[in-house]
Amino acid sequence: MSGLVQERLIVAVRAVSTCETALEQTIAYTKERKAFGQRVFDFQNTRFTLADLVTEVQIARHFMDRCIKLHAQGACDMRTAAYMEAINRVANFTRKRGLYP
């Protein structure tokens, strides 16, 4: 069963790094893209949406880092590893929003 913990960690690392890259590219894109005479980034709704996504990704990053530390100490149990499934939900949320890549 310890292999499952490590497998979930691997998936979490991939999900978080993908989300971070997607956010960086999306923020850059919204700063260069114009609509209705202004940058998409300058719209209030865009900023709210990006702020929500940045918060979700930062939470996922901190939790993943904690789980990696626990795993290195041999203290990451199955219950904690199961919570890492939430990190995949963050990745799915990012994809649903149509963010890059």
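Here is a short tour, from the whole chain down to single residues.

**Before you click.** This is a predicted model, where local features need pLDDT of at least 70, side-chain atom pairs count only at pLDDT 80 or more, and totals for chains, interfaces and linings use all residues. Residues are numbered from 1 along each chain as its sequence is written, and side-chain values use heavy atoms, with hydrogens and water left out.

**Stop 1: colour by confidence.** pLDDT is the predictor's confidence in each residue, from 0 to 100. The protein chain averages 84, and 85% of the residues score at least 70.

**Stop 2: switch to cartoon.** Helices (H or I, at least four residues) and strands (E, at least two) are DSSP runs, numbered from the N terminus.

**Stop 3: show the surface.** The protein chain exposes about 6800 Å², with carbon and sulfur atoms supplying 54% of it; that area comes from the Shrake-Rupley method with a 1.4 Å probe, and for residues only the protein chains shown count as cover. Of the 101 residues, 30% count as buried. Buried means under 20% relative accessible area, exposed over 50%, and partly exposed in between (1.4 Å probe, protein chains only).

**Stop 4: select helix 2.** Helix 2 has 29 residues and reaches 42 Å from its first C-alpha to its last, close to the 42 Å expected at 1.5 Å a residue. That expected span is 1.5 Å times one less than the number of residues. Now show the side chains of its buried residues: Thr 46, Leu 50, Leu 53, Val 57, Ala 60, Met 64, Cys 67 and Leu 70. An α-helix has 3.6 residues a turn, so residues three or four places apart point the same way. Just after helix 2, click Gly 74, which takes a positive phi of about 75°.

**Stop 5: zoom in on Thr 46.** Which residues does Thr 46 touch, not counting those up to four places away in sequence? They are Thr 30, Val 40 and Phe 41, where contact means heavy atoms within 4.5 Å. Thr 46 counts as buried because its relative accessible area is 16%.

**Stop 6: finish at Ala 82.** Ala 82 lies in helix 3 (residues 78-83) and is partly exposed, at 35% relative accessible area. Draw a C-alpha to C-alpha line from Ala 82 to Leu 4: they are 78 residues apart in sequence and 9.4 Å apart in space.
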